[in-house]
Amino acid sequence: MIGKMFLSGVALVASLLGCGVCAAQDASVLVPSDASVVVRVNSGRILDKMGGDAFVARIMEAAGEAADGRIAEPREWGVDLDRPVYVAVSGGGEAVSVLMSMADAGRFGSMVEDMLEKKVRRRAGVACVEDDDLYVVFDSQYAVMGVAEGRHDADMWRDVLKRGGHRDAGLATKGFARMSASDADVVMLVSGSVAAEDDDLAVLKGFYGDDMPLEDISVVWSLVSGGGVAEMHYDVVAESDAAARYIKENTAGVRRVAGRYADCIPASSMMVLYSAIDGERIAEMLARTGLFDKDGDSSQLRGLLSSVAGDVALVVGSPVADGTSVSLPATLMAQVRNRSLLEFFREKVGDGLVEKTSDGYVIDNNGTKIWMACRDGDMVITTIEGMASLPAAASPSAAPCCREGYGGLSLDVRQVMAAAGPLLGMLDSDGRVVSLLSRIESVESIADRPDSARCTVRLCDGCDNIYLIMAEAVDMLRATSEDDAAEE
């Protein structure tokens, strides 16, 4: 019984992944008004990118073999393949509901009866199937699946479907409106109310301040992939005026990048992390939370943070092997008001390892030299001789994070793979993981605003997508499981 339910559940999840592009009217009308987490999956589109019917057939075949029988394919479940699936979490995580649109309610009912080994009960045009673990409520338009002990039980959902959805009490928030406006493959809304009844809320407010209106702050995250690119985006959404003021006050220390160090960063860099901050404002924000007290360490920390005023860049090059030793070319550049940070690092290293120069120090750390300098408002800490003077690179980096928005990250995955090759070879003897990771060319992240960011994953093949890589990872795991079973 349990094995049959599990395997049938796998098939049902696969069928839910067959729900496609967003339609004008879909299961969003069912989303509970108190939902703190909502996920929308345009999964028919995703399955097409994963390989479509061929991928589904492989999964169904594997599930059928495990069940010693045939498992129904997604099109046989009666779910509308042109509309997305929603997963809603309510009641502090106690109630989880899967919401979907119907194509053939009769067929869907038969499949659910078989899965739960229970008969469908119908009343006033709404059908329900329940067992000790799950309930499924559906009519000719929509279906809802949930945990039997959840607060949103079958009787409540019967009433909802009779009304055609939460028309009088749906989720009407700015975050949900932002989510609905997105046509991404996957969109997730997480409201601060998810922590409202959790002990972690006290911890968060203890750090960020009692004035933190967490319950009125939402985050919307989305993912879309195709044509050799995967785009991820997140937005922080204020649900109230108080939340908007709080976000503005607590992002005031983040500045737009000026590109002060962009021409000093070589195009060949393996990683670039670029930002711009007003350290004094950030120190003031942290002081409001009570993080800084009157003891010496806190006072020094506040002073060090306040000294940073403008662009900050961390640049890492490819590791350089010299015999049995490996060095990592790395440079930290920061626009500062004074030398306090530089002197702090010197104190931590100790005078015995330091050689003084005209504008800083040279540190000999177990044979690795580190140059430190502070000149014309620029502090530099580097393992590259000559970088302390901030020379222009022969081929400056074109990474957008150096010149656009509020900074971000640029990572050359090919260089990472080359540098980590020997270690990966030991951990991945058959080379399957390496073959998947080697399809990624680079990762770039840009903060368009202090409260939002977009991340672009570029793939080596312009016809590739992130879901196809995931599909092949599933096939790889399945093959590995079969190999392990054969060895046993």
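A: This is a predicted model, in which local features need pLDDT of at least 70 and side-chain atom pairs count only at pLDDT 80 or more, while totals for chains, interfaces and linings use all residues. Residues are numbered from 1 along each chain as its sequence is written, and side-chain values use heavy atoms, with hydrogens and water left out.

Q: How many disulfides does a search of the whole structure find?
A: The search finds zero. A disulfide is a pair of cysteine sulfur atoms within 2.5 Å.

Q: Why is C401 called buried?
A: Buried means under 20% relative accessible area, exposed over 50%, and partly exposed in between (1.4 Å probe, protein chains only). C401 has 1%, so C401 is buried.

Q: What makes C374 count as buried?
A: Its relative accessibility is 13%, and therefore C374 counts as buried.

Q: Why does V120 count as buried?
A: V120 has 12% relative accessibility, so the label buried applies.

Q: Where does V120 lie?
A: V120 is in the loop between α4 (105-116) and β4 (121-123). Helices (H or I, at least four residues) and strands (E, at least two) are DSSP runs, numbered from the N terminus.

Q: Which residues does V120 touch, not counting those up to four places away in sequence?
A: They are G109, E113, A127, C128, V129 and F138. Contact means heavy atoms within 4.5 Å.
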